[in-house]
Amino acid sequence: MDTERFKGRVALVTGGSRGIGRAVVERLAAEGAAVAVNYRIRSGEAEDIVQRLQSEGCQVFAVQADVAVRSEVDAMVRRVRDELGTIDILVNNAGVLVTGDLLNYDAEAFEHMWRVNVNGVLHATAAAAPGMIEKKWGRVVNLSSIAAVGTAFSGTTLYAATKGAVQILTKRFAYELGPSGITVNAVLPGFTLTDMVSEGHTEEEMQQSIEAVARKSLLGRAGEPGDIASVVAFLASEDSRFMTAQFLAVDGGRTDFLTHC
Ligand SMILES: NC(=O)c1ccc[n+]([C@@H]2O[C@H](COP(=O)([O-])OP(=O)(O)OC[C@H]3O[C@@H](n4cnc5c(N)ncnc54)[C@H](OP(=O)(O)O)[C@@H]3O)[C@@H](O)[C@H]2O)c1
């Protein structure tokens, strides 16, 4: 690992208190970025990761905001600028998964999910972009899902719709921001072992899901948060400087999805 890869860079990771977001925070901080760790309710988890990384000499702090609420996002971005400096790297990771499909959905729950997964990406990117435009450099990495490009997970039609919206926003933001030296790309994780996929399931159900995913994966296993974080870090770095408006599936090579993206 290059501990200086992100030296001098300021990153904001939304939903950094657990799961994939936490792994991204750890990766960017370990490679030298100053990182703001956003959370909505899990202050304990966010403070734990901040304290651990600070004890390792990293520059990190936790910042509360609901990404669905524009005024909170604007205030968060101002606070990051005051504490760490202008944001260079924005990782739009915060997201929720509410199951639901055409014949069985809760309209209110869907609207909540849309506000977090879609409006959240819009609010955070709109708030961070002016600083990046001024610097003529920036990286935006959005967390989509392979659910958005097919029928991989049953019961997730409406979640897939939110991630489909994230993908077109990725392309449109890349179009708008490219002339200012800002790249915008999306990572599409496959089934990744986090609380999002385990909540509400017994250990036995989880084991069955993991085995089913492993059978469909060319690499024979489910994803770990670190598998996703390393690709996010690549897209946040100078190494991906000639890539924008792209969708990268990180799913171990799903045999039922070999033509996605
Ligand atoms: N795990 C998978 O298999 C998988 C697959 C494809 C895509 N993804 C996507 O990857 C991203 C991360 O997923 P994950 O599995 O790591 O989820 P997770 O374990 O449930 O973590 C979600 C994170 O988002 C935060 N969050 C939720 N609502 C928020 C809001 N309104 N404002 C600010 N933060 C909020 C949570 O913080 P608080 O708890 O403090 O609210 C938490 O830190 C999501 O966008 C998800 O859709 C995951």
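Rings of Phe, Tyr and Trp (its six-membered ring) make a pair if their centres lie within 6.5 Å, with planes under 30 degrees apart called stacked, over 60 edge-to-face and the rest tilted. The model looked at here is predicted, so local features need pLDDT of at least 70 and side-chain atom pairs count only at pLDDT 80 or more, while totals for chains, interfaces and linings use all residues. Residues are numbered from 1 along each chain as its sequence is written, and side-chain values use heavy atoms, leaving out hydrogens and water.

By the ring rule, the count is one aromatic pair. Phe 110 and Trp 114 have ring centres 6.0 Å apart and planes at 65°, so the pair is edge-to-face. Phe 110 and Trp 114 sit four residues apart in helix H4 (residues 107-135), about one helical turn; helices here are DSSP runs (H or I, at least four residues), strands likewise (E, at least two), numbered from the N terminus.

Now to the ligand. Around it are 32 residues, of which Ser 17, Ile 41, Arg 42, Tyr 159 and Thr 194 come nearest; a residue is near if one of its heavy atoms lies within 4 Å. Helix H6 (195-198) is among the elements that each supply at least two shell residues, and H6 gives the most, with three.

As for polar contacts (pairs of N or O atoms within 3.5 Å), a side-chain N or O atom of Arg 18 is 2.8 Å from a ligand oxygen.

Definitions and conventions:
A polar contact is a pair of N or O atoms within 3.5 Å; within protein, one must be able to donate a hydrogen and the other to accept it, and residues adjacent in sequence count only if both atoms are side-chain atoms.
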